[in-house]
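Here is a short briefing for a first look at this structure. Keep the sequence and the 3D view side by side as you read.

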Amino acid sequence: EKGFTANQLALFNGETQKIKYVKGLPPAAEITGFGNAPYAEAGKVYIAVTTAQDYPAIYVIDTHTGEAQKGITVEATQITGVGKLSSKP
């Protein structure tokens, strides 16, 4: 039995019932996985993307356009989540 790898992302708009595939990620054949815990804020989603050829990177996805841009690269084998630290006043 052959296993499957999730190697594409899509955005679903519950109000319009429409799905939009994310553009700007590495080619699907190169993606070996995504982080388990994306972070969303102000119309942007931050998610870890791991490829076979490179270190994992955090990609920023604009939820309005569906466009992804590569953010920081982390010298590691995998990133499982993305978050934000903030101090309480």
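Which residues does Asp62 touch, not counting those up to four places away in sequence? They are Leu11, Gly43, Lys44 and Glu67. Bear in mind that this is a predicted model.

**Around Asp62**
- Asp62 sits in strand S6, which covers residues 57–62.
- The side chain of Asp62 makes a polar contact of 3.3 Å with the side chain of Lys44.
- A polar atom of the Asp62 side chain also lies 2.7 Å from the backbone nitrogen of His64.

**The nonpolar core**
- In soluble globular proteins, nonpolar side chains tend to be buried together.
- Here the largest nonpolar core has 13 residues.
- Leu9, Val22, Leu25, Phe34, Val49 and Ile61 touch the most other members of this core.
- Strand S3 (31–34), strand S5 (44–51) and S6 each give two or more residues to this core.
- Leu25 is in contact with Leu9, Ile31, Phe34, Val49, Tyr59 and Ala68, leaving aside neighbours within four places in sequence.

**The surface**
- Phe12, Ile19 and Tyr21 form a nonpolar patch on the surface.
- Together, Phe12, Ile19 and Tyr21 have about 370 Å² of accessible area.
- Tyr21 belongs to strand S2, residues 18–21.
- Is Tyr21 buried or exposed? Tyr21 counts as exposed because its relative accessible area is 52%, and the cut-off for exposed is over 50%.

Note on methods:
Residues numbered from 1 in each chain as written. Predicted model: local features only at pLDDT ≥ 70, side-chain atom pairs only at ≥ 80, totals over all residues. Heavy atoms only, no water. Helix = DSSP H or I, 4+ residues; strand = E, 2+ residues; numbered from the N terminus. Polar contact = N/O pair within 3.5 Å; in protein donor to acceptor, adjacent residues only side chain to side chain. Contact = heavy atoms within 4.5 Å. Patch = residues over 30% accessible without salt bridge, like charges linked within 9 Å, V, L, I, M, F, W, Y side chains within 5 Å. Areas by Shrake-Rupley, 256 points an atom, 1.4 Å probe, with all protein chains shown as cover. Salt bridge = Lys/Arg side-chain N within 4 Å of Asp/Glu carboxyl O. Buried < 20%, exposed > 50% of the residue type's maximum accessible area, 1.4 Å probe, protein only. Core = buried A, V, L, I, M, F, W, Y, C linked by side-chain atoms within 4.5 Å.
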